[in-house]
Amino acid sequence: MDSIDSLVTTSLEKDVGIIPAPVFNPAFGAGIAVLPVFIYRPKGFHPETKPSTSQGIIYFNFTGRWLAGLKQTLYLNRNRFWIDAFAAYASMNFKLYNNITASKDDYREIKFEGFVSNLSFLVLARRHFYIGPIFSSNYLKQEEVGVSQPYQNEYHWYHTPGIKLSHDSRDDIFYPIEGWFSTLSFESLLPSKSYSYDFNKITAGISTYQKLDGNGDKIIASRLYTQLGIGDLPLHEMASPGASPILRGYITGHYLNSSIISLQSEYRWMFSDRWGTVGFLGYGWLFDQPNQIKENLGLYSIGAGIRYRFFQKFKINLALDVAFGRNSANVYFSLSESF
C-alpha cells in the first residue's frame with residue numbers, strides 16, 4: 001500500500017485506474033490483489049501543489065486468508081501540509097523462518113489477525129524540510145498455528161507515537177529524475193499490562209536521483225535505509241528484507257530481526273513513452289540491537305525488471321521485478337518504483 005486518497009470528482013487533474021496484481025510471496029501464499037487508485041489535484045488548488053493520491057487494496061490468497069485497506073496521501077496549501085494515513089484489516093498466515101539454518105523447511109507458521117493503522121501530519125518548517133507527529137495504532141492477535149500457548153487467542157492494542165523529519169527536494173514525487181528525499185523518525189511503544197514488549201524504533205532513509213541524459217530517460221537512483229530497534233519488538237515491528245523499501249530478492253519473514261542497514265542502487269531507463277527497464281543491486285546487514293551490529297547477517301540483492309507507464313499524466317509505472325538474494329529469489333509486481 002503505497003498511495004491513496006478520497007475520491008474528488010471536481011478535481012483539476014485526475015487519473016483513475018483499477019489494477020489486478022498477482023502476488024507471489026511464498027511467506028503469505030500465492031494470491032491476487034486488486035488495487036483501485038485515484039490520483040488528483042483538487043479544483044481551486046494552486047498548480048504548485050503536489051497531486052494527492054487515494055488507493056485501496058483487496059487481497060485474497062488461495063488458502064482463504066485476506067487483507068483489505070485504504071491509504072491516503074494529501075498535500076494542502078502549496079505543499080505546506082503533508083498528510084499520510086492508512087488503515088487495514090488483515091487475516092493472514094505467515095511463515096517465520098529460522099535465520100540461522102536458512103532452510104525453507106525450518107519455519108513456524110504464525111497467524112496474524114486484526115486492525116492496523118498509521119497517521120502522519122507534517123508541516124513545512126522551511127524550504128524542503130518537514131516536521132510533525134506520527135502515530136500508529138494496531139489491534140492484533142498473534143498465534144503459532146498448531147501450538148497451544150497461553151493468551152495466544154487474545155487481541156492486544158499496540159499504540160506507538162513518534163516524530164518524523166523529512167527533506168524532499170525531488171523534482172517529481174512519483175518518478176523523480178533529480179533531487180533528494182530523506183526521512184528520519186523516532187517511535188516509542190506505549191507500555192501495557194497485557195504484554196511484555198517494550199521498544200523504541202529509529203528509521204532513516206536517504207534517496208538520491210541523478211539523470212544521465214538531457215531529458216531524464218536514463219537515471220541512477222540510490223537509497224540508504226536503516227531501522228534500529230531498541231528493546232523487545234513484536235514481530236509486526238521487525239525488519240525483514242524483501243519488503244519495500246528494503247532489499248528485494250527475499251521472502252518476507254525468511255530473515256527477520258530488530259535492525260537492518262541496507263544500500264541499494266539501480267539504473268532506470270525509459271526507452272519509450274510507455275516502456276522502460278531497470279537493473280539493480282544492493283547489500284544489507286541484519287542484526288538485533290544496535291550494540292550487536294558486529295553480529296550481523298550479510299544479505300545481497302541483485303535483479304532486473306520492466307516498467308509500463310500506467311498513469312502517463314503523472315508518470316507512474318507498473319513494475320515487474322525479478323530479484324535474487326541469499327539462498328532465495330522472488331518476483332515483485334507493484335505500482336510505482338521501489339523507492
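What follows is a short chat about one predicted protein model.

Visitor: What should I know before I start?
Guide: This is a predicted model, where local features need pLDDT of at least 70, side-chain atom pairs count only at pLDDT 80 or more, and totals for chains, interfaces and linings use all residues. Residues are numbered from 1 along each chain as its sequence is written, and side-chain values use heavy atoms, with hydrogens and water left out.

Visitor: How many helices and strands are in the chain?
Guide: Zero helices and 16 strands. Both are DSSP runs numbered from the N terminus: helices are H or I with at least four residues, strands are E with at least two.

Visitor: And how much of the chain is buried?
Guide: Buried residues make up 50% of the 339. Buried means under 20% relative accessible area, exposed over 50%, partly exposed in between, with a 1.4 Å probe and protein chains only.

Visitor: Let's look at strand 15. Why is it largely enclosed by the rest of the structure?
Guide: Strand 15 covers residues 316-325, and seven of its ten residues are buried, so the rest of the structure largely encloses it.

Visitor: Which strands does it pair with?
Guide: Strand 14 (residues 297-311) is joined to strand 15 by ten bridges, and the two run antiparallel. Strand 16 (residues 328-335) is also antiparallel to strand 15, with eight bridges. Pairing here requires that DSSP finds at least two bridges between two strands.

Visitor: Which residues stand opposite each other?
Guide: I306 faces L320 in strand 15. G325 is opposite S328 in strand 16.

Visitor: What about the turns?
Guide: Strands 14 and 15 form a hairpin with four residues between them, and K315 in that turn has a positive phi of about 55 degrees. The hairpin of strands 15 and 16 has two residues between its strands; N327 in the turn has a positive phi of about 60 degrees.

Visitor: New topic. How many salt bridges does a search of the whole structure find?
Guide: Ten. The criterion is a side-chain nitrogen of Lys or Arg within 4 Å of a carboxyl oxygen of Asp or Glu.

Visitor: What does K71 meet in a salt bridge?
Guide: D84, at 3.3 Å, N to O. K71 lies in strand 4 (residues 66-76) and D84 in strand 5 (residues 81-97), so the pair ties together parts that are 13 residues apart in sequence. K71 is buried at 11% relative accessible area, and D84 is buried at 15%.

Visitor: And R307?
Guide: R307 forms a salt bridge with E337, the closest N and O atoms being 2.8 Å apart. The pair links distant parts of the chain, with R307 in strand 14 and E337 in the segment after strand 16, 30 residues apart. Both R307 and E337 are buried. Salt bridges that share partners join R248, E266, R268, R307, D321 and E337 into one network.

Visitor: Last one: where is Q289 found?
Guide: In the loop between strand 13 (275-287) and strand 14. Q289 is buried, with a relative accessible area of 16%.

Visitor: What is Q289 in contact with?
Guide: Leaving aside neighbours within four places in sequence, Q289 is in contact with G229, I230, G231, S258 and S259. Contact means heavy atoms within 4.5 Å. The C-alpha atoms of Q289 and S259 are separated by 6.5 Å.
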